[in-house]
Amino acid sequence: MIDFEKLAGENIASLIPYQPGKPVKELERELGIKKAIKLASNENPLGIPPKSKEALMNFLDELNRYPLGDCYYLREKLSKKLNVAQNELLFGTGSNEIIELLIRTFVKPGENVVSFAPSFSVYGIIAQANNSFCKWVETDKDFIVNFDRILENIDDKTKIVFLANPNNPTGTYFSEEQLVSFLDNVREDILVILDEAYYEFVDAADYPNSLKLMKKYPNLFSIRTFSKAYGLAGLRIGYIIGNSKALDMLNRVRQPFNVNMAAQVAAIAALDDHDFLRKVIKNNRDGKLYLYKEFQKLGLKYYETQANFILVDVGDGNRVFNELLHKGVIVRFLGPKLAPFIRVSIGLPDENQIFIEKLEEVIGG
């Protein structure tokens, strides 16, 4: 009998893969519920931009062709929007592929990456799959990032520091002053990767201007995505901004046609749909203020968010998650390390209201 675990190696065999949720329709069938509300995956409740939908419909007849391997037109448009050079952009199938490209390109077996915890588990999963590992540095009370502790955990085999800002799953953020202090003290040969998947939702005045800081710190990069504010999660398209010489190394590892053409077309159109983006940001801001108020009424501790989700302490996250599930509301339980919490995505006004009604039933019951 073939030992496939041995063939793969210990680093792969011991991996715990990312667990996706079941399809909503399957959950409805299993639980005998109708019209379930999904507030679990930080998706855009307003759907996709109307201009993207129109562009996709007009492009259907060209899907027999291979995509543009360098995202030519999207690169051209986004570089003008961000005021960066075209060779300072590289695209991937969501931010996940960008993270994988960074680790595959710059982290050799036995070397490490560093991030704070709790944060995006994919950093550790990809590092381990690459015969490397992630050093997780615990945050302070209320999930405040301790940059001094991160510096203490960097060693001569550290190649990358991943900093999610705003952070998933907490929604918290760190300021430009904190980031600059860290950049001034970290070795210049260590890549500092800001994972800014939710940056469009940020309204904090002291949030870092990463594009400005890159001009002073060539080891600083930003990963962003069209999955969240632009509503294109199903098409999987993200990008990294940073030093052109570093991105040239990533480009040598990148698959030739990694971003499909439908994603490119939709993203180009999304950049022009300013009305849609304004509506998304307003819905998110109004929604979080409503949820804050309702959590206060219920006496629940929550963390003010700079993203499109809220982390809230419900005492027993797993119980509340399961009871809400049976009432047709899907939120996210984050596992034993965050056992008291659930994470709820900010939905449409009626979805937020239904969530609160069902949560009150669960908490009160």
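**From loop to sheet to rings**

Tutor: Let's start with Cys 71, which is found in the loop between α4 (50-59) and α5 (72-82). Helices (H or I, at least four residues) and strands (E, at least two) are DSSP runs, numbered from the N terminus. Before we go on, this is a predicted model: local features need pLDDT of at least 70 and side-chain atom pairs count only at pLDDT 80 or more, while totals for chains, interfaces and linings use all residues. Residues are numbered from 1 along each chain as its sequence is written, and side-chain values use heavy atoms, with hydrogens and water left out.

Most residues other than glycine have a negative phi, and most peptide bonds are trans. Cys 71 counts as buried, at 2% relative accessibility; buried means under 20% relative accessible area, exposed over 50% and partly exposed in between (1.4 Å probe, protein chains only).

Asp 142, in the loop between β4 (133-138) and α8 (147-153), isn't a glycine either, and its phi is positive too, about 60 degrees. At 31% relative accessibility, though, Asp 142 is partly exposed.

Now for peptide bonds. Going from Ala 117 to Pro 118, the bond is cis, with omega near 5 degrees, and Pro 118 is in the loop between β3 (112-117) and α7 (122-129). From Asn 165 to Pro 166 we again find a cis bond, here with omega near -5 degrees.

Pro 166 belongs to the loop between β5 and α9, and that leads us to the strands. β5 (158-164), helix α9 (176-185) and β6 make a right-handed β-α-β unit. Right-handed means that, with the strands pointing away from the viewer, the path from the first strand over the helix to the second runs clockwise. β5 and β6 pair in the parallel sense over five bridges (strands pair if DSSP finds at least two bridges between them), and Ile 160 stands opposite Leu 191 in β6.

β6 (residues 191-195) is mostly covered, with five of its five residues buried. In a regular strand the side chains alternate between the two faces of the sheet. Here Leu 191, Ile 193 and Asp 195 point one way, while Val 192 and Leu 194 point the other. β6 also pairs with β7 (220-225) in the parallel sense, over four bridges, and there Asp 195 has Ile 223 as its bridge partner.

Let's finish with the rings. Rings of Phe, Tyr and Trp (its six-membered ring) pair if their centres lie within 6.5 Å; planes under 30 degrees apart count as stacked, over 60 as edge-to-face and the rest as tilted. By this rule there are 18 aromatic pairs. One of them is Phe 91 with Tyr 239, a tilted pair at 6.0 Å centre to centre and 45 degrees between the planes. Phe 91 is in β2 (89-92) and Tyr 239 in β8 (238-241), so the pair ties together parts that are 148 residues apart in sequence. Both residues are buried, and together with Phe 226 and Tyr 230 they form one aromatic cluster.
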